[in-house]
Amino acid sequence: MNRLDDLDSLEDLMRAANRGDTGAYHKLLTAITPVLRKVVRARGAALGPEGCEDVLQDVLLAIHRKRHLWRDDAPLRPWIYAIARHKVVDAFRSRGRRVELSIDDFAEGLAAEPGPDPTQGRDMEKIFGELEPRAAEIVRAFGLKGETTAETAARLDMSEGAVRVALHRALKTIARLRERMIE
């Protein structure tokens, strides 16, 4: 019972644990911990040994807290691996690994194509008209008003993450629209 290859018994252990069998739950955690440790170390090597152990504990806590959400008819391994992947990503995000880059460093590689650019001047209003109203407002907030993510989120009653996702999607849409207008 030391490997995750025996899916039926692991799934049986999880089913029993979810019915309140503490012995089955202990066996399940004993079986999955070494494998999860390897997954976390492989995906989060840059976190260092202590960081990986912290992530492993987060993974085990998440499994404990969310085990009632696991579907009895679903395989267990993908479910626990997904939790491990997400916790490793969360650990990197919480470290705040951001690199500040200047646009000037890339100016030579960002040359615009020759000809009129529809994203300049009043043509941009045509593009804004093609966006959903909230997406257009978010792009205006960043591009024209110079608002921060926090300011835009507060003004639009959205989370900062939702504002970033909406901005990213809007910019992708603008890029597609621009390409169509240039052609």
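Where is Cys52 found? Cys52 is found in helix 3, where helices are DSSP runs of H or I with at least four residues, strands are runs of E with at least two, and both are numbered from the N terminus. This is a predicted model, in which local features need pLDDT of at least 70 and side-chain atom pairs count only at pLDDT 80 or more, while totals for chains, interfaces and linings use all residues. Residues are numbered from 1 along each chain as its sequence is written, and side-chain values use heavy atoms, with hydrogens and water left out.

## The chain as a whole

The secondary structure of the protein chain comes to 8 helices and 0 strands, and from the N terminus on its elements run α-α-α-α-α-α-α-α. Of the 183 residues, 34% count as buried; here buried means under 20% relative accessible area, exposed means over 50%, and partly exposed lies in between, with a 1.4 Å probe and protein chains only. The protein chain exposes about 12300 Å², of which carbon and sulfur atoms supply 52%, and accessible areas come from the Shrake-Rupley method with a 1.4 Å probe, with only the protein chains shown counting as cover for residues. Contact means heavy atoms within 4.5 Å, and among contacts between residues at least 6 apart in sequence, 55% join residues at least 24 apart.

In soluble globular proteins, nonpolar side chains tend to be buried together. A nonpolar core is a set of buried Ala, Val, Leu, Ile, Met, Phe, Trp, Tyr and Cys residues joined through side-chain atoms within 4.5 Å. The largest such core in this model has 30 residues, and those with the most contacts inside it are Leu28, Leu36, Val59, Ile63, Leu76 and Trp79. Helix 1 (7–18), helix 2 (22–43), helix 3 (48–66) and helix 4 (76–95) each supply at least two residues of this core, and the largest share, 8 residues, comes from helix 2. Apart from this core lies another, of 17 residues, among them Met124, Leu131, Ala166 and Ala170.

Leaving aside neighbours within four places in sequence, Trp79 is in contact with Met14, Ile63, Lys66, Arg67 and Trp70. Cys52 counts as buried because its relative accessibility is 3%. Cys52 and Ala91 are 39 residues apart in sequence, and their C-alpha atoms are 9.0 Å apart in space.

## Salt bridges

A salt bridge is a side-chain nitrogen of Lys or Arg within 4 Å of a carboxyl oxygen of Asp or Glu, and by this rule the count comes to 9 salt bridges. The table gives some of them.

| Side chains | Distance, N to O |
|---|---|
| Asp73 and Arg71 | 3.2 Å |
| Lys145 and Glu137 | 3.1 Å |
| Glu137 and Arg155 | 2.8 Å |

Asp73 and Arg71 are both exposed. For the salt bridge between Glu137 and Arg155, Glu137 lies in helix 6 (residues 133–143) and Arg155 in helix 7 (residues 149–156), so the pair ties together parts that are 18 residues apart in sequence. Arg155 counts as partly exposed because its relative accessibility is 38%. Salt bridges that share partners join Glu137, Lys145, Glu147 and Arg155 into one network.

Glu147 has its place in the loop between helix 6 and helix 7, and because its relative accessibility is 16%, Glu147 counts as buried. The side chains of Glu147 and Arg155 are joined by a polar contact of 3.0 Å; a polar contact is a pair of N or O atoms within 3.5 Å, where within protein one must be able to donate a hydrogen and the other to accept it, and residues adjacent in sequence count only if both atoms are side-chain atoms. Not counting residues up to four places away in sequence, Glu147 touches Ala141, Phe142, Thr152 and Arg155.

## Helix 7 and what follows

The buried residues of helix 7 are Thr149, Thr152, Ala153 and Leu156. These residues cover an arc of only 100° around the axis, which puts them on the same side of helix 7; the arc is that of the directions from the helix axis to the C-beta atoms. An α-helix has 3.6 residues a turn, so residues three or four places apart point the same way.

Helix 7 is followed by Asp157, whose phi is near 55°, a positive value in a residue other than glycine. Asp157 has its place in the loop between helix 7 and helix 8 (160–182), and because its relative accessibility is 71%, Asp157 counts as exposed.
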